[in-house]
Amino acid sequence: MKKVRVAIVGMGIGRVNGRALASNPRAEVVALCDLVEESMTEFAARLPQPDEIRLYTDFDELCRSREIDAIFIGAPNQLHVPMGLKAIAHDKHVLVTKPLADSVEAAERLVEAAEAAGVVNMMSLSTRYSAEVQYLGTLARLGTFGELYYARARSIRRNGIPDWNTGFIRKGGGAFRDMGVHVLDSAWWMLGMPRPLSVTGVAGAKFGPRGLGFFEREAPEEVVSAPESYYGQFAADDYAGGFIRFEEGRALQVESFWASHQPAGLQIELFGEEAGAQLRPPTLYTNGPVPAAVADAAKEFGAKPQAGRGLKDEGRPLDITFDGLTRDRSKDWNAIADHFIACILDGVPCDAPLRHGLIVQAMMEGLLRSAETGEEVRLDG
Ligand SMILES: NC(=O)c1ccc[n+]([C@@H]2O[C@H](COP(=O)([O-])OP(=O)(O)OC[C@H]3O[C@@H](n4cnc5c(N)ncnc54)[C@H](O)[C@@H]3O)[C@@H](O)[C@H]2O)c1
């Protein structure tokens, strides 16, 4: 059986993506790349056939290898595009972590190069590939909501500013490019990826520059104090919120907070003419009885609709929850890896091409620019 030979770049988020790719029977992780050799050695030991895995500290050298078919790019934001361009120039398929880039111009360059080269190019989007988002997105495609005309999306942490990489807190990083991007992408995808027309937003940094609200990856529940040498470089947003108008009068309100005095959580709410929904816990709000499509589609996801609060009579309010829908998060990463491999080996059209990352980047950068200028930003130019 032909196997896709994959290289993993960046030993942070590269680990979950690497594990998922290694667990696909039609893929093998043959190379790792990072500036820190020990991180690679340590991670290689957890993968199948560690002795066969080549370790690179030089990305250019990795790209020159003829023993590699595809590259996962999980280095800091500002490296996604330069690395992606080099990988594509060497004819490699690319899977890129979010956000696609640190600017719209850079994102555009990468998308154009990838499409011109004809390689498989995909975003690694853990929230979009979660079972809840996929299921509600399926219902949207089946018409369960009728017209979806409005959505709210938020991702909130109480003390969640990363304290381990200045790339996160400098220009090009920030809460919105880190976490806002996930809920923005997922809500936009569930709405049917409508064309954005304009965006208005606010953003700022209320905790980070004071050295408050940081966390360390090894102990995410602990509140840690970052050193002044770290937080003194804070030049990004630690919160942002905005309003995006789409074609045909649809709209999305979106928020992200790295730190706040609010309960932490990720939520997306959909408003449709025939039904609405919330993501966590997954709940459908409609009028009874349970639409047949809801139960049929749920079977595919191994979930069972439960008619909860409300009356089950025809035309009366009904809340439906889904037992068994929220799956082990490692399966979300497997879903990404499996789709990437299927695109390469079976020619399946890609569900999450880099072009989606570019459109999300344009909405995101527009929101942040609007926050700077105080003006609405047009996106339909
Ligand atoms: N859910 C998700 O999809 C998710 C979650 C976390 C992070 N991310 C994304 O992953 C990226 C990295 O974030 P992280 O949390 O893993 O950061 P990190 O700092 O933990 O890891 C980045 C790794 O890249 C390595 N690196 C830096 N420059 C390099 C170079 N020139 N060549 C090779 N390796 C290099 C670093 O040594 C480090 O090990 C960011 O873009 C972030 O947005 C995605």
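Begin by selecting helix H8, which bends by about 45° at Val 181, the bend at a residue being the angle between axes fitted to the seven residues ending there and the seven starting there. The model on screen is a predicted one, in which local features need pLDDT of at least 70 and side-chain atom pairs count only at pLDDT 80 or more, while totals for chains, interfaces and linings use all residues. Residues are numbered from 1 along each chain as its sequence is written.

H8 covers residues 175–190, and because its 16 residues should span 22 Å at 1.5 Å a residue, the distance of 22 Å between its end C-alpha atoms agrees with expectation; the expected span is 1.5 Å times one less than the number of residues. A residue counts as buried if 20 or more other C-beta atoms, placed from the backbone, lie within 10 Å of its own. Just after H8, select Gly 192, which takes a positive phi of about 95°.

Next, colour the largest nonpolar core, which has 65 residues, and in which Leu 136, Leu 184, Ala 187 and Met 190 have the most contacts. H8 gives the most to this core, with 10 residues. Such a core is a set of buried Ala, Val, Leu, Ile, Met, Phe, Trp, Tyr and Cys residues joined through C-beta atoms within 7 Å. Centre the view on Ala 187, which, leaving aside neighbours within four places in sequence, is in contact with Ala 151, Ala 153, Leu 252, Val 254 and Ile 268; contact here requires C-beta atoms, placed from the backbone, within 7 Å.

Move on to Ile 88, found in helix H4 (residues 80–89). Because Ile 88 has 23 C-beta neighbours inside 10 Å, it counts as buried. Beyond neighbours within four places in sequence, Ile 88 is in contact with Val 94, Ala 113, Ala 114, Ala 117 and Val 119.

Finally, colour the chain by domain, with domain 1 as 4–125 + 331–350 and domain 2 as 131–328 + 363–373; these bounds come from an automatic or database domain assignment. The C-alpha centres of the two domains lie 26 Å apart, and 10 residues of domain 1 are in contact with 12 residues of domain 2.

Methods. Helices (H or I, at least four residues) and strands (E, at least two) are DSSP runs, numbered from the N terminus. A residue is buried if 20 or more other C-beta atoms lie within 10 Å of its own, exposed if 12 or fewer, and partly exposed in between; C-beta atoms are placed from the backbone. Two residues are in contact if their C-beta atoms, placed from the backbone, lie within 7 Å.
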